[in-house]
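Hi there,

Here is the structure I promised to pass on to you. Have a look at it first, and then read on for what turned up in it.

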Amino acid sequence: MLERAHLEILLEVKRQGSVTAAAEVLHLTQSALSHSMRKLEQHAGTEIWIREGRSLRLTQAGDYLLAVAQRLLPQLVLAEQQLAQFAQGERGTLRIGMECHPCYQWLLKVVTPYLEAWPLVDVDVKQKFQFGGIAALLGYEIDLVVTPDPVLRPGLRFEPVFGYEQVLVVHQHHPWAGQEEVRPEQLIEETLITYPVPIDRLDVYTMFLLPANCRPRRHKTIETTDIMLQMVASGRGVTALPKWLVTDYAPQLRLHTLRLGPTGIQKHIHLGAREADWDTDYLHAFVALARQTGQ
């Protein structure tokens with residue numbers, strides 16, 4: 001009774017906003033599309049959508065089927081892609097989602113030797129899933145997520161692969177440049193530059209400033225690491241980044257790093273995947289290489 005075509009129609013109508021546009025994308029006539037859905041409604045004994053003038057409103061049953069389509073269709077597409085790759089003698093594609101802006105620089109150090117070691121595997125890095133990688137992993141839109149903040153969920157597995165220290169970065173002539181550490185209250189009169197991420201996902205806030213009930217005078221967001229560090233080097237503010245990342249830029253930009261508090265903030269980059277996929281040879285090999293690269 002329920003066919004894949006019905007799910008594709010619902011999903012496309014939702015994306016396109018109309019039956020006419022959805023029919024065009026799906027290479028169907030509008031009448032054929034409508035007939036298919038009426039037949040489903042007759043078999044199910046309930047309406048899927050209701051016409052209101054020129055627009056459609058999903059019923060409760062329609063909303064349920066749409067949720068099913070959004071969950072199942074990506075898995076079906078993935079299964080077809082992998083079957084095609086096996087049929088063509090290919091190993092597959094490892095789709096990696098990023099939940100960590102600065103981790104991209106680290107990832108490049110892993111990808112290069114990995115591609116050399118696995119010539120039949122393609123790597124696709126999906127940055128659009130920044131800070132939403134867990135949902136993408138559960139939705140089968142990616143195979144591996146890179147994150148400093150793993151979220152334990154049934155069916156997922158995370159492994160720490162690289163430890164690092166989160167530090168405060170200032171320019172060489174900053175009054176704090178001679179210090180080894182900084183206290184939260186010292187940032188009250190500073191401009192803090194961060195990636196455009198919610199405060200509850202920024203370690204400098206959650207693990208340093210907020211526990212001390214402190215906030216910077218100004219909080220400015222910048223998307224790229226290069227520009228962020230250029231701003232710090234020119235005295236426009238301070239930032240908090242992994243120490244290993246700053247080390248790559250420090251000699252040319254003359255930056256100085258300080259420990260965040262007396263003990264500092266210690267973090268790990270984690271790689272997460274679906275438990276059922278963990279032993280896939282090329283995925284498992286990537287995790288092992290990432291662990292070696294981080295040492």
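Let's start with alanine 136, which counts as buried because its relative accessibility is 1%, and buried means under 20%. This alanine is found in helix H6, which covers residues 133-138. Between alanine 136 and glycine 235 there are 38 Å in space, C-alpha to C-alpha, for a separation of 99 residues in sequence. Please keep in mind that this is a predicted model.

Now compare that with another pair. Leucine 255 and valine 169 are 86 residues apart in sequence, and their C-alpha atoms are 6.7 Å apart in space. You will find leucine 255 in strand S11, residues 255-260. Leucine 255 is buried too, because its relative accessibility is 12%.

**The disulfide**

How many disulfides does the structure hold? There is one. In case the word is new to you, a disulfide is a covalent bond between the sulfur atoms of two cysteines. Here the partners are cysteine 100 and cysteine 103, with 2.0 Å between their sulfur atoms. The torsion about their S-S bond is about 70°, so this disulfide is right-handed. Both cysteine 100 and cysteine 103 are buried. Cysteine 214 also counts as buried, because its relative accessibility is 8%.

**Around helix H5**

Cys103 is also one of the buried residues of helix H5; the others are Trp106, Leu107, Val110, Val111 and Tyr114. You can check the length of H5 yourself.

In the loop between strand S3 (92-98) and H5 sits glutamate 99. Is glutamate 99 buried or exposed? Glutamate 99 counts as buried, because its relative accessibility is 4%. Its side chain makes a polar contact with the side chain of threonine 147, at 2.9 Å.

**Helix H1**

The length check works for helix H1 as well. With 13 residues (4-16), H1 should span 18 Å at 1.5 Å a residue, and its end C-alpha atoms are 18 Å apart, which agrees. The buried residues of H1 are His6, Leu7, Ile9, Leu10, Leu11, Glu12 and Val13. Just after H1 comes glycine 17, with a positive phi of about 90°.

**Two residues with positive phi**

Here is some background for this part. Most residues other than glycine have a negative phi. Histidine 27 is not a glycine, yet it has a positive phi of about 60°. This histidine lies in the loop between helix H2 (19-25) and helix H3 (30-44). Histidine 27 is exposed, because its relative accessible area is 72% and the cut-off for exposed is over 50%.

Arginine 254 also has a positive phi, near 55°, and is a residue other than glycine. Where is arginine 254? Look in the loop between helix H9 (243-253) and S11. Arginine 254 is exposed, with a relative accessible area of 54%.

**The cavity**

The count comes to one cavity of 30 Å³ or more. The largest cavity has a volume of about 260 Å³. It is lined by 22 residues, and the closest to its centre are Pro102, Gln166, Tyr195, Arg201 and Leu202. The elements that give two or more residues to this lining are strand S6 (156-171), strand S8 (191-194), helix H7 (203-209) and strand S10 (238-242). Which of these gives the largest share of the lining? That is S10, with four residues. Sorted by class, the lining has 14 nonpolar, four polar and four charged residues.

Strand S10 is also the place of threonine 239. Threonine 239 is buried, with a relative accessible area of 0%. A polar atom of its side chain lies 2.6 Å from the backbone oxygen of isoleucine 193.

Happy exploring, and write back with any questions!

Best wishes

Note on methods. Residues numbered from 1 in each chain as written. Predicted model: local features only at pLDDT ≥ 70, side-chain atom pairs only at ≥ 80, totals over all residues. Heavy atoms only, no water. Buried < 20%, exposed > 50% of the residue type's maximum accessible area, 1.4 Å probe, protein only. Disulfide = S-S within 2.5 Å. 1 Å grid on protein atoms, 1.4 Å probe; cavity = no way out; pocket = protein on both sides within 12 Å on 5 of 7 lines; lining within 4 Å. Points joined across faces, edges and corners; volume = space filled by probe spheres on them. Nonpolar A, V, L, I, M, F, W, Y, C, P; charged D, E, K, R; others polar. Polar contact = N/O pair within 3.5 Å; in protein donor to acceptor, adjacent residues only side chain to side chain. Expected span 1.5 Å × (residues − 1).
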